[in-house]
Amino acid sequence: MSKDLHISVIGGGAAGFFAAIAAKSHNPQAQVQILEKTSHFLAKVKISGGGRCNVCHAEFNNRKLAEHYPRGEKFLKIAFEQFNATSTMEWFEQRLVALKTYPDGCVFPLSNTSQSIIDCFLREAKKLDIELILHHGIDRIEKREDGGFILHSKDKTIKTDRVIVTTGGQPKLSGLHWLEEIGHPIIPPVPSLFTFNMPNEPIKEFMGLVVEKATVRIEGQKLVGKGPLLITHWGMSGPAILQLSAWGARILAAFNYQFYILVNWLDETKESELRDTLENTRKVHGGKMISNHCPFPIPARLWNFLLAKNDVLPTSRWNEINPKQINKLVNTLLNDRYQVMGKTTFKEEFVTAGGIDLNEIHVQSMESKQVPGIFFAGEVMDIDGITGGFNFQAAWTTGYIAGKHAAV
């Protein structure tokens with residue numbers, strides 16, 4: 001272990017801090033610095049989870065944990081053998097950041113604020129004497145003949161031995177050209193985790209309305225999203241939609257975000273079950289007004305909207321509805337069709353599919369196969385997860401491994 005080792009971490013976000021702390025913890029004699037191009041460290045951590053920071057997900061089976069990543073599942077399944085959700089929770093709790101696990105498996109700081117995570121990282125960096133440098137973007141890496149590197153920014157150069165790149169997801173391919181120049185194949189980035197814009201759909205009038213269990217499909221594709229669905233003033237959001245946008249990131253980009261979705265408002269209810277329910281309701285509650293008696297777990301306003309969509313008068317009685325109306329209602333409840341014409345970033349958190357090709361990275365160390373001495377962590381790689389703390393888990397895992405091995 002070299003005492004004179006100089007390690008430069010490019011990018012002062014979640015993966016960057018975790019990598020720097022891991023490097024310095026494994027080699028206290030090494031000189032470790034974090035170079036951040038903006039005026040703030042950990043900006044994405046600050047706003048994530050609505051300012052609460054969903055640090056990880058309480059899934060302690062590595063194989064199942066890896067299944068939550070549309071890109072990177074096989075790679076992370078191996079990486080989780082070194083650092084996983086259990087490791088994450090222990091890491092924060094050892095540093096006196098109390099955590100709380102919610103019924104859906106999401107893990108947040110007990111303080112309910114992302115500042116607890118930021119403060120923890122800054123404390124650790126100070127304690128370990130990690131150099132923190134703001135306003136210092138790197139736009140070129142030059143290889144030295146002795147195996148080290150020279151980092152070039154607009155106004156100065158830095159001589160270093162090891163480099164850990166943690167610059168996050170880039171919305172455009174141009175943001176990754178500087179890595180392509182040193183011999184790294186790049187998978188072009190496209191957005192992941194976005195909500196659906198539906199400018200021509202009147203359902204937007206019910207913004208704020210939530211259906212707790214829905215199933216959403218992309219018409220003509222096998223893509224499926226399940227879970228809560230939220231109506232917004234621009235279209236639809238919620239876990240069911242975000243799952244679709246993550247798993248379908250490349251397909252939807254190819255469609256230029258113009259497509260149709262089919263919503264099953266009754267989760268995974270099949271047609272035969274639904275017809276039985278409707279027939280039973282007609283028999284038992286035939287004299288009741290359809291608008292007042294909804295036999296399904298959907299909000300009353302949505303129920304009335306779906307009735308109107310099928311020309312069922314709100315004053316109609318259950319025993320007055322005809323077979324044609326029943327057929328239309330069945331189809332709408334199970335396959336309600338909406339036109340999507342664009343996307344919106346989910347909150348202020350943008351996530352991308354694409355980046356450094358995982359085939360060019362040693363999973364056991366996060367070191368480049370193309371350029372020894374350069375390591376990668378976080379979303380700069382072609383890794384992305386669905387919502388629920390999975391993207392942060394990938395940052396902690398890859399950051400830990402990269403830092404540990406860069407420090408040797």
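Which side chain does Arg144 meet in a salt bridge? The partner is Asp161, at 3.9 Å from N to O. A salt bridge here is a side-chain nitrogen of Lys or Arg within 4 Å of a carboxyl oxygen of Asp or Glu.

A word on the model: it is predicted, so local features need pLDDT of at least 70, side-chain atom pairs count only at pLDDT 80 or more, and totals for chains, interfaces and linings use all residues. Residues are numbered from 1 along each chain as its sequence is written, and side-chain values use heavy atoms, leaving out hydrogens and water.

By this rule there are 13 salt bridges, including these:

| Pair | N to O distance |
|---|---|
| Lys44 and Glu379 | 3.1 Å |
| Arg144 and Asp161 | 3.9 Å |
| Arg275 and Glu271 | 2.9 Å |

Let's look at Lys44 and Glu379. Lys44 lies in helix 2 and Glu379 in the loop between strand 20 and helix 13, so the pair ties together parts that are 335 residues apart in sequence. Helices (H or I, at least four residues) and strands (E, at least two) are DSSP runs, numbered from the N terminus. Glu379 is buried at 13% relative accessibility, while Lys44 is partly exposed at 37%. Buried means under 20% relative accessible area, exposed over 50%, and partly exposed in between (1.4 Å probe, protein chains only).

Arg275 and Glu271 sit 4 residues apart in helix 10, separated by about one helical turn.

Back at our opening pair, Arg144 lies in the loop between strand 7 and strand 8, and Asp161 in the loop between strand 9 and strand 10. Arg144 is buried, at 16%, whereas Asp161 is partly exposed, at 25%.
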